[in-house]
Amino acid sequence: MVNVEKLLNDEIMAIIPIYIDMYGNCTKVITLKTQENYIFKSIKTVLKNIAKFYTLDLMASREFYGKIIGISNIVPIPFDSENIFIPLKVRKPIFKNDGSFGYFNLKFINDIKEEKNGVYIILEGNIKVRINQTLKTAYKHVRHGEIVKRVYDRKTYGLIKENSHDFYSAYNKPATKGDIAFLVNQLMDILRKLVEYKIQGTKGI
């Protein structure tokens, strides 16, 4: 059984699929407090357990945020505003369903560096994790995570946060494609509701 609450209290920085002798496909969870934790379950199971703790529907979340950033797979997971996990390829799986992507907590990514033997994610505490992707692709996934965080915050707390200095500095920036897509989705939803309301009103005459 995965002790999700303990891992969250230790502050999860990364969830990575690995192979362990005698156990096979397992998961390494890197936390800020205890660093390496090994779970003898697949990363898919670990993510499902964390999602269950947050009462998050992973499929619905992937569909919603995937539409906003214009992708159907490899979508960041927002467990909450402070825990946005970005998928990055970390290995070549032995079997088809083993999973090749690890998930990295956006707030703990300090840097992404390209060295002679590959590209590395630098986490808090100068912990380095090698990924099997180009520097450009890694930055693209990080940008996707930043868009998801913005949309999550607006969806959760509303477009205006009262008495927040951060609101003014954050919204004094040029709109990104994600910002525009979010507004278009909101406008389309309002339009759909207006049409439905008009149809219902006509039926009542």
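Visitor: Which residue forms a salt bridge with Lys6, and how far apart are the closest N and O atoms?

Guide: Side chains of opposite charge can pair when their charged atoms come close. The term salt bridge is used here for a side-chain nitrogen of Lys or Arg within 4 Å of a carboxyl oxygen of Asp or Glu. Lys6 pairs in this way with Asp10, and their closest N and O atoms are 2.9 Å apart. Please note that this is a predicted model, in which local features need pLDDT of at least 70 and side-chain atom pairs count only at pLDDT 80 or more, while totals for chains, interfaces and linings use all residues. Residues are numbered from 1 along each chain as its sequence is written, and side-chain values use heavy atoms, with hydrogens and water left out.

Visitor: Are Lys6 and Asp10 buried or exposed?

Guide: A residue is called buried under 20% relative accessible area, exposed over 50%, and partly exposed in between (1.4 Å probe, protein chains only). Lys6 is partly exposed at 43%, whereas Asp10 is buried at 9%.

Visitor: How many salt bridges are there by this rule?

Guide: The count comes to 6. One of them joins Lys107 to Glu11, with the closest N and O atoms 4.0 Å apart. Lys107 lies in the loop between strand 6 (101-105) and strand 7 (109-115), and Glu11 in the loop between helix 1 (4-9) and strand 1 (12-20), so the pair ties together parts that are 96 residues apart in sequence. Helices (H or I, at least four residues) and strands (E, at least two) are DSSP runs, numbered from the N terminus. Lys107 is partly exposed at 39%, and Glu11 is partly exposed at 27%. Another salt bridge links Glu36 and Lys28, whose closest N and O atoms are 3.7 Å apart. Here Glu36 is partly exposed at 45%, while Lys28 is buried at 17%.

Visitor: Which residues of helix 2 are buried?

Guide: In helix 2 (residues 43-53), the buried residues are Ile43, Val46, Leu47, Ile50 and Ala51. Seen down the helix axis, they fall within an arc of 135 degrees, so they line one face of the helix. That arc is taken from the directions from the helix axis to the C-beta atoms. The face turned away from the buried side carries the exposed residues Lys44 and Lys52. After helix 2 comes Thr55, with a positive phi near 50 degrees.

Visitor: Which residues does Phe53 touch?

Guide: A contact means heavy atoms within 4.5 Å. Phe53, which lies in helix 2, touches Val4, Glu5 and Leu8, leaving aside residues up to four places away in sequence. The C-alpha atoms of Phe53 and Glu5 are separated by 8.0 Å, although the two are 48 residues apart along the chain. Phe53 is partly exposed, at 43% relative accessibility.

Visitor: What do the totals for the chain show about its helices, strands and buried residues?

Guide: The chain has 6 helices and 9 strands. Of its 205 residues, 40% count as buried. Among contacts in the chain with a separation of 6 or more, 47% come from residues 24 or more positions apart.
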